[in-house]
Amino acid sequence: MTDQAVATRGWIGRALPRFEDEALLRGRGRFIDDLEPVPGAHHAAIVRSPHAHARIRHLDVSAAEAADGVTGVLTGADVQAMSRPFAAAAPSPVPYYAAAVDTVRHVGEPVAVVVARDRYLAEDAAARVRVDYDPLAPVLDARAAVHDSDALVSERSFHYGDPEAAFAHADVIVGGRFDFPAWTGLPLEGYGVVADWDPGAGTLTAWCNFQGPFTLHGVAAAALGLPGTRLRVITPEHSGGSFGIKSGVFVYVALIGLASRKLGVPVRWTEDRLEHLAASQTSTGRCAEIEGAFAADGELLGVRIDAIDDVGAYLRAPEPASMYRMHGALTGAYRVRNLALRARVVLTNRCPSALNRGFGGPQHYLPLEGMMALGARRLRIDPLRLAELNLVRRFPYETPSGGLYASGDFAGCLREARELSGYEARREERRRARRAGRLYGIGVACVVEPSISNMGYVTLVEEEASRGNALPKSGNAEGATVTINPAGGIGVRVSTTPQGQGHGTVVAQVVADALGVDPSQVAVRADADTSFSPWTVASGNYSSRFSGVGVGAALRATEQVAGKLRAIAGHVLGADADEIELRDGVAHLRGSGDGAETTVSLRRLAGMAHWNPEGLPEGLEPGLAATAYYAAPELAPPVDDRISASTENGFVVDIAVVEVDRATGRLAVIDYVSVHDAGRLLNPLLAEGQVIGGFAHGFGAVTREAHAHGADGELLTDTLKDYLCPTPADLPAVRTAHRETPSPLTPLGAKGLGEGTTMSVPAAIHNAVMDALHRDAPIALPLTPARLWELIDA
Amino acid sequence: MKPAPFAYLRPETEDEALDLLREHGDEARILAGGQSLVPLMSMRRVSPAAVVDITRLPGLAEVRDGQVAGAEVGGAEAGGAEVGGAEVGGTEVAGTEVGALVTQYGLEQRAGIDDALRECLPYTGHYATRHRGTVGGSIAYGEPRGELPVVLLALAGRARVRSRDAEREIAADELYVGPYATTLRADELLVSTRWPAAGLGRGSAFTELALRQGDFTLACAACAVTVRDGAIVAARVAVGAVADRPLLVGPAAEALVADGPRAAAAATRATIPGYGDHHASARYRRHLAGELVADAAARAIARAGGAPMTEGGADG
Amino acid sequence: MAEGAPMAEGAPMVERPISIVVEVNGLRRREHVMPRLLLSDFLRHRLGLTGTHVGCEHGVCGACTVRVDGIPARACLMFAVQTDGCAIETVEGLAGTGELTPLQRALHEAHGLQCGFCTPGILIAAGDLLERRPGADRAEIEALLSGHVCRCTGYRPIVDAIERVARDAAGHTARGDHADDADDADANGDPGGPGDPGDPGEAA
């Protein structure tokens, strides 16, 4: 019913520009720092550690407390006394408080919070806080950290099929070390929190640009010793980007909340860029060794991965999830059944990691696709051909580690990418270029893009036996409320907390089709208020879940309201509800003309529902509103260490053509093709925006973006003059194409697509550069001119 | 990230400004475009007690073409190179005098300025910062990765400075003494810079490689040459972002005169110390500086009407 | 001479506000400001013009770009006190209460904004560029945007949108002034090119 009804109308699938834009273009966005949700909030400045690792010998805040305009100071000792350590998905050898107690473990770690009348005075006073540190040796090398029991958070091994036999029978084994340094999506707006502790009610209200997952609401509430209902989190209508990074705002909900509680005033804090770069959140750094066993004809027989994730100074929830997010897709696009994974997670003295666009995907595909490139080179088979030989061809396909690829056309995408790139002509150009002594290379990446994460995947960090005792975790659910007011106005509320993705426009398209109205008539709010919004523990903006579960919940709720409209219309028109069709803002009696006796307007139906409950069909509730929840299917808890880690798995094939300048090491991307199968595209304009935006993040990570530390652990990338984002002149003109194999698992057939290119681009460009430089081994990221020239010169 | 308190002083005349500089000395910072100073203050890396805002001083935002009292390219001073003591031009050469408050963007839009100067300006910052950032500020700040100091060195330009008691000119060669350190005294105000222009038989060029255009460069180079009868008779070579200050590379100029751009590249690499950070090693920067010198030299020669000499010299 | 706080001698400096008069989006405002108050904070938190966003406070990201006396400026790199007597334009003044400007419309149609945080600075800077160089080409537009960090869009739709407005403007000019091909909107981007009214002193 749903699919058919939607297919016959037509807002879904249109490249509709966004309703969100106008306010933003006029400078009328409502971002956290724009808001004054409570009167008289005081301003916080945070005193932070300049050291990567040090013992705090002495902390003296008396001069700060005495300074002009100062309300008071919250110290690490206060934090320890007033809260509990944050829980994560695994036990940690180091308790994690919102501020350091006696040891600082990363540059920028909060040591004290100074609250004053305004931010200028707060910073003046913060400068007068005296901290005596005993610097300690920092741990920055994840490979060394695995030998330290205080640093090793978890270690697990997984075996699927018979990898030993596969390697024993291999004709060719290739592999190498592929390290992915920590980088950041670097949202242009930093964190912001306004915290208001009500001592009478014992509640904390926190306005903040948090993005979910709302599991972290529970983590913050537990740290504050509050039942969930006493921590009210309200997100502003607009948020200046996140890319996962703003999941970490929950830490500051606790910290600023405690400052408000201690000082008895509302407190606001807006993170500045130096704070953001040093201490907000980064991607998870990974050191991976991979080996691939191939038969001489190119068949991939087995894969071994030894991965170490560097989660930074503390285990910040949902870490160590980065290690397991890709678990269902460990074998990527290939049919290989034999797989071994050793998964270790360590603490170091870097900024804590957690969500960042691609979450685990870029780190996984760099080695997996790098291994394929090395295999192709050794086997003397063209890399695109080698991929093609090994692609999954029959769907649904269950991966050895438990993932479900419900639908797809991997081979079709690959063919399309080959044609779009002009692959044969590129190879010919490469031959000519090489004869002329130029460093010209072609790289391929085939990427399975998971979306809609299974809330249970993180439990893989525990041994099967110990998992049994806890409440099982599975699925991914979202809620939505649809209301029609007495004048016929349609309002929708979802809790997907978008940070620029345009959820409001897409929900309006979906609801417009289901109710037969114009989407401009649908007012959508996707910001969350944990007191009023329909939400679940899985709510939020991550794992490209919106087009599946966000839309699913909105559709469910709309269908309930539509059912009621049909019932009332049928009653008015003397027909059955299922004879009623909603279109153009009017309920029509199916199969009749548009005369007055056979139609009734939506507005009139709404009026009846609100004003005339006596006139409603017997047994029908008055009012026109519904709240509904939708849970994505095929997301059971893990069994035998196998898990369907994500409901959907889209597909991406990228072909990169590059040239490296011999004289300067400068990398030029000559051509880049990216072909996607993300199921049905709900709004192609927005879909392209996600693909190109995701490309820029992947491109940044592979070419220049990485956090760098000096020998003493000092942060070298501490300003935007040193942490370098790509500019438009650097970014190549990506050529994209979309194939739409509808998902059988999501309500409208969509698969997530917000992260695929961030996963594929580092691998494709890295492979192209290996090809250009004739390398048989991986190259460390980022691929800066200096690094490439040094390889050329060696 | 908010600046510490300071006293804001806005003189209306140059003399008043000079009085204030004398009075406050090292405690004061001069605010011109503010594009480097203000972020340092916001990060509290500098917290001057007083800020002397010179942006409204009359007469400092003018550009004048004409004769500037500058050394010619080459000549006897250190860092230049010439053939057989050839006298190339007099002590007065055609050029441009740029008031301290002329913005990078404003100068960029001006016709008839020297080629190297014109080429470096788009790299000095981003569109909006170049509209505020001043040429005088860039020269006086002495950023080791800055572009304008490198070009001033290559062109043998000069800075005109005033204090309450005196006015003097500082040759570019005498200006930079360390990281962000110049020979300007705390009571002195840079009022203009003088840039000899390319003329008959003279050519210049600038080039750089940056990871983000408008932000710090990996390395940059400027060359100025004089060509007579198809041969280079005098040259100056300067590089940036490879040391703790912008550098004039005398041996590179000599090599350029003797053996051409590739030789200049090799001499550059052999001479400069190099500077390594997380973006690039010192070894790479030395290499890159050589490449950039060769490129700038070749283009400067072509502009001067000389033969390209690409085969000359050995690659280092 | 304007004067702020007296010189400190050991003791913490006592700040004294300075009276300034500015015209913001056509409205005259008289305010007292501390010398150290950044223009960005003045606009956002004193005048309530929160459309000017703060993304880095060190001049790189471009989100806070406004115009002061017709010249683009990073509001985080100026003190409010410096703008005494000046006219300031912010994103709120572009369309005012009227229709969106062609550039705003073009960004909307091209999906040139996602989170929208960088958008105000880009609107101001690109508007300024198109005023000075109406037929600006793609390379100029890309160079302009290197001073504006956008993390959502990958830039391409922003460049497309600005280029479209530039082409439309050039098309108009060509049709109005010449009989030749309206497509030939070659502004060639030569920064040394003559005839450009680029002198900031005259650009108010």
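The term here means a side-chain nitrogen of Lys or Arg within 4 Å of a carboxyl oxygen of Asp or Glu.

Ground rules for myself. This is a predicted model, where local features need pLDDT of at least 70 and side-chain atom pairs count only at pLDDT 80 or more, while totals for chains, interfaces and linings use all residues. Residues are numbered from 1 along each chain as its sequence is written, chains are lettered from A and ligands numbered from 1 in the order in which they are written, and side-chain values use heavy atoms, with hydrogens and water left out.

**Entry: chain C against chain A**

I looked up the contact around that pair (contact means heavy atoms within 4.5 Å). Chain C puts in 48 residues and chain A 50 residues. Together they bury about 4,000 Å², with 58% of it on carbon and sulfur atoms. Buried area is the accessible area, with a 1.4 Å probe, that two parts lose on being put together, summed over both. Five salt bridges are counted between chain C and chain A.

**Entry: chain B against chain A**

Next I checked the other interface on my list. It takes 23 residues from chain B and 30 residues from chain A. About 2,400 Å² is buried between chain B and chain A, and carbon and sulfur atoms give 60% of that. On the chain B side, B:Met1, B:Arg212 and B:His278 lose the most area to chain A, together 24% of what that side buries. The rule finds four salt bridges across this interface.

I then picked out the salt bridge between B:Asp215 and A:Lys721, at 3.5 Å from N to O. The pair crosses between chains: B:Asp215 is in the loop between strand S12 (202-210) and strand S13 (217-228) of chain B, and A:Lys721 is in the loop between helix H20 (684-703) and strand S28 (735-739) of chain A. Helices (H or I, at least four residues) and strands (E, at least two) are DSSP runs, numbered from the N terminus.

Are the two partners buried or exposed? B:Asp215 is buried at 4% relative accessible area, whereas A:Lys721 is partly exposed at 25%. For these words, buried is under 20% relative accessible area, exposed is over 50%, and partly exposed is in between (1.4 Å probe, protein chains only).

**Entry: chain B by itself**

I counted ten helices and 15 strands in chain B. Of its 316 residues, 66% are buried. Among its contacts between residues at least 6 apart in sequence, 69% join residues at least 24 apart.

One pair I noted inside this chain is B:Arg194 with B:Glu97, a salt bridge at 3.1 Å between the closest N and O atoms. It links distant parts of the chain, 97 residues apart: B:Arg194 is in strand S11 (residues 189-196) and B:Glu97 in strand S6 (residues 92-99). B:Arg194 counts as buried at 14%, and B:Glu97 is buried at 9%.

**Entry: salt bridges in chain A**

How many salt bridges are there over all chains? The count comes to 95. One of them joins A:Arg286 to A:Asp309, with closest N and O atoms 2.6 Å apart. A:Arg286 lies in strand S13 (residues 285-294) of chain A and A:Asp309 in strand S14 (residues 300-310), so the pair ties together parts 23 residues apart in sequence. Both A:Arg286 and A:Asp309 are buried.

I also found a network of salt bridges linking A:Asp382, A:Arg385, A:Glu388, A:Arg418, A:Glu424 and A:Arg427.

**Entry: helices H18 and H19 of chain A**

I looked at how helix H18 (residues 546-573) packs on helix H19 (residues 602-611): the angle is about 95° and the axes are 10 Å apart. The axes are lines fitted to C-alpha atoms over the stretch in contact, and angles run from 0 to 180 degrees between N-to-C directions. The two are therefore roughly perpendicular, a label for angles of 65 to 115 degrees.

From H18(A), A:Leu565, A:Ile568, A:Ala569 and A:Val572 meet A:Leu602, A:Leu605, A:Met608 and A:Ala609 of H19(A). The buried residues of H19(A) include A:Ala606 and A:Gly607.

**Entry: A:Tyr365**

My last stop was A:Tyr365, in helix H12 (residues 361-379) of chain A. A:Tyr365 is buried, at 0% relative accessible area. Leaving out residues up to four places away in sequence, its contacts include A:Met326, A:Cys446 and A:Met759.

Note on methods:
Parallel < 35°, antiparallel > 145°, perpendicular 65-115°, else oblique.
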